[in-house]
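Subject: Structure for you to look at

Hello,

I am passing on a structure that you have not worked with before. Please open it alongside this message, and then read my notes below.

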Amino acid sequence: MTAGSTLTNGTTAEHELAALQREHGRPLFALLLRLCDGDRQRAEDLAQETLVRAWQHPEALRADDFDSVRPWLMTVARRLAIDARRARQARPPEVGDAVLENARVISDHAERAAAMLDVREAVKTLTPQHREVLVLVYFQGASVAEAATALGIPPGTVKSRAYYALRALRRVLPGYAADLR
């Protein structure tokens with residue numbers, strides 16, 4: 001469609017918009033696709049919005065200053081893409097259902113306190129040898145070698161006591177079994 005197209009009642013006729021889309025739609029969409037980082041849906045929406053602007057501003061299409069309306073359409077499309085990008089950056093990102101399904105649930109303070117009490121009671125059921133290895137290795141963060149030195153036992157014994165202590169805790173705390181692996 002060229003700048004000299006006929007207009008009806010101050011707006012572009014429907015068939016003229018269709019011709020405008022046929023003539024300039026592919027290059028317009030290609031530009032918007034690049035500006036939208038390959039997001040086809042967003043590019044299609046912006047292409048449609050560009051054509052709506054052409055329909056709303058028929059005076060731009062009949063200007064005698066240029067032979068084609070393509071530069072005007074490309075400028076409008078580019079500005080719409082920039083505005084859309086700025087709007088997305090100004091607001092928090094949208095969260096889809098898939099993200100929420102995989103989100104880790106964080107327990108509140110009351111649940112954590114109750115879990116700590118359960119674990120303390122369960123640790124009291126262990127033998128003293130298993131308890132001291134568990135406290136050194138898991139609660140105080142000592143390495144196997146450090147725990148072996150502190151307790152005066154071989155590192156293999158520290159490993160086996162830690163294994164059997166955790167196994168006993170899994171039996172006493174069945175609801176926490178996943179946390180004890």
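Contact, as I use the word here, means heavy atoms within 4.5 Å. The model is a predicted one, so please read what follows with that in mind.

Overall make-up

The protein chain has 181 residues, and 28% of them are buried. Its secondary structure comes to 9 helices and 0 strands. Read from the N terminus, the order of elements is α-α-α-α-α-α-α-α-α. Taking the contacts between residues at least 6 apart in sequence, 56% join residues at least 24 apart.

Helix α1 against helix α2

Helix α1 covers residues 14-35 and helix α2 covers residues 40-56. The two pack with their axes 9 Å apart, at an angle of about 140°. Angles over 145 degrees would count as roughly antiparallel and 65 to 115 as roughly perpendicular; α1 and α2 are therefore oblique to each other. Their crossing is right-handed.

On the α1 side, the residues in contact are L17, L20, Q21, L28, F29, L32 and L33. They meet R40, A43, E44, L46, A47, T50, L51, A54 and W55 in α2. By type, the residues of this contact divide into 12 nonpolar, 2 polar and 2 charged.

The loop between α1 and α2 contains D37. D37 is not a glycine, yet it has a positive phi of about 55°. Is D37 buried or exposed? With a relative accessible area of 61%, D37 is exposed, because the cut-off for that is over 50%.

Helix α1 against helix α4

α1 also packs against helix α4, which covers residues 70-90. Here the angle is about 35° and the axes are 10 Å apart. The crossing of α1 and α4 is right-handed. From α1, the contact takes in L20, E23, H24, P27, L28, L31, L32 and L35. From α4, it takes in R70, L73, M74, A77, R78, A81 and R85. The residues of this contact divide into 10 nonpolar, 1 polar and 4 charged.

Which side chain makes a polar contact with that of H24? It is the side chain of R70, at 3.0 Å. H24 is in helix α1 and has a relative accessible area of 3%; since buried means under 20%, H24 counts as buried.

Two further residues

R53 is in helix α2. It is partly exposed, with a relative accessible area of 31%. Leaving aside residues up to four places away in sequence, R53 touches W72, V76 and L80. R53 and A77 are 24 residues apart in sequence, and their C-alpha atoms are 9.4 Å apart in space.

P155 is in helix α9, which covers residues 155-172. P155 is partly exposed, at a relative accessible area of 42%. Again leaving aside residues up to four places away in sequence, P155 touches V144 and A148. P155 and A145 are 10 residues apart in sequence and 5.8 Å apart in space, C-alpha to C-alpha.

Regards

Key
Residues numbered from 1 in each chain as written. Predicted model: local features only at pLDDT ≥ 70, side-chain atom pairs only at ≥ 80, totals over all residues. Heavy atoms only, no water. Axes fitted to C-alpha atoms, helices over the stretch in contact; angles between N-to-C directions. Helix = DSSP H or I, 4+ residues; strand = E, 2+ residues; numbered from the N terminus. Parallel < 35°, antiparallel > 145°, perpendicular 65-115°, else oblique. Left-handed = near helix turned anticlockwise from the far one by under 90°. Nonpolar A, V, L, I, M, F, W, Y, C, P; charged D, E, K, R; others polar. Buried < 20%, exposed > 50% of the residue type's maximum accessible area, 1.4 Å probe, protein only. Polar contact = N/O pair within 3.5 Å; in protein donor to acceptor, adjacent residues only side chain to side chain.
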